[in-house]
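This report is for a reader who has not seen this structure before.

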Amino acid sequence: KEVRFPETLKAIGYQAFYECYALSELNIPDSVSYIGGFALSQTAWYDNLLEDYAIVGDGVLVKCNVKEPDLSGKGIKAIGSSAFWNAETGYKYSEELSELEIPEGVTVICDYAFYGSKLDKITLPSSIERIEKFAFDGVLTEGTANIDFSALTNLTDINENAFATCTALKKIELPASVKKKKKYAFFKTGA
């Protein structure tokens, strides 16, 4: 029912507590800066996060409960896995949210952060360094979506399927800062 992490913990891995329905108490120390895909999903703890913006650890947004989110000024450094995930216990407005601006200061978009949401427009900050696997998979599917990647001068890593099936993404020009682009990062886009 309860998990206590050491104060030195840096990350919580992929599906670490996925479907641990009885998990109702969890302390996430300030040292945690990354939460992997579905790590906390389908737990009583996650399902009961009712605050507008559930931010844990070192600025990791793990869940949003606001219809028209404004992420600025909240100290967010990472958009956590499943924060805007289109699921029964995920972001309940995922079908209605059409655009979102990620604020400066965010450095990581974690695994599956927007998976299945239906955004038409997303603005990424120049502070972004990594976009993890499946972060925007299937998100940008209507019309023509443009992301100005050239302005993302701190972006170094784009992981597998990060923008897969984003059929509205018509143009991709990556900055020279990108050192790692994993397979299928832009699979089945419109570019």
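## Salt bridge at Glu 2

Glu 2 has a relative accessible area of 41%, so it counts as partly exposed. In this predicted model, its side chain meets that of Arg 4 in a salt bridge, with 2.8 Å from N to O. Arg 4 is exposed, at 57% relative accessibility.

## Other salt bridges

The whole structure holds 6 salt bridges. Another of them is formed by the side chains of Glu 96 and Lys 67, at 3.2 Å from N to O. This pair links distant parts of the chain, 29 residues apart. Glu 96 sits in the loop between strand S7 (78–79) and strand S8 (99–101), while Lys 67 sits in the loop between S6 and S7. Glu 96 is partly exposed, with 48% relative accessibility, and Lys 67 is also partly exposed, with 43%.

Arg 130 and Glu 132 form a further salt bridge through their side chains, at 2.6 Å from N to O. Glu 132 is buried, at 10% relative accessibility, because the cut-off for buried is under 20%.

Strand S5 covers residues 53–56 and strand S6 covers residues 60–64. The two run antiparallel and are joined by 4 bridges. Ala 54 has Lys 63 in S6 as its bridge partner.

Between the strands of this hairpin there are 3 residues. Gly 57 takes a positive phi in the hairpin, near 55°.

## Nonpolar cores

In soluble globular proteins, nonpolar side chains tend to be buried together. Here, the largest nonpolar core has 41 residues. Which residues have the most contacts inside it? They are Ile 79, Phe 84, Ile 109, Phe 114, Phe 136 and Phe 163.

Leaving aside residues up to four places away in sequence, Phe 114 touches Ile 79, Phe 84, Leu 100, Ile 102, Ile 109, Leu 119, Ile 122, Ala 135, Phe 136 and Val 139. Another core, of 23 residues, lies apart from the largest one. Among its residues are Phe 5, Ile 12, Leu 40 and Val 56.

Definitions and conventions:
Residues numbered from 1 in each chain as written. Predicted model: local features only at pLDDT ≥ 70, side-chain atom pairs only at ≥ 80, totals over all residues. Heavy atoms only, no water. Core = buried A, V, L, I, M, F, W, Y, C linked by side-chain atoms within 4.5 Å. Buried < 20%, exposed > 50% of the residue type's maximum accessible area, 1.4 Å probe, protein only. Contact = heavy atoms within 4.5 Å. Pairing = 2+ DSSP bridges. Salt bridge = Lys/Arg side-chain N within 4 Å of Asp/Glu carboxyl O.
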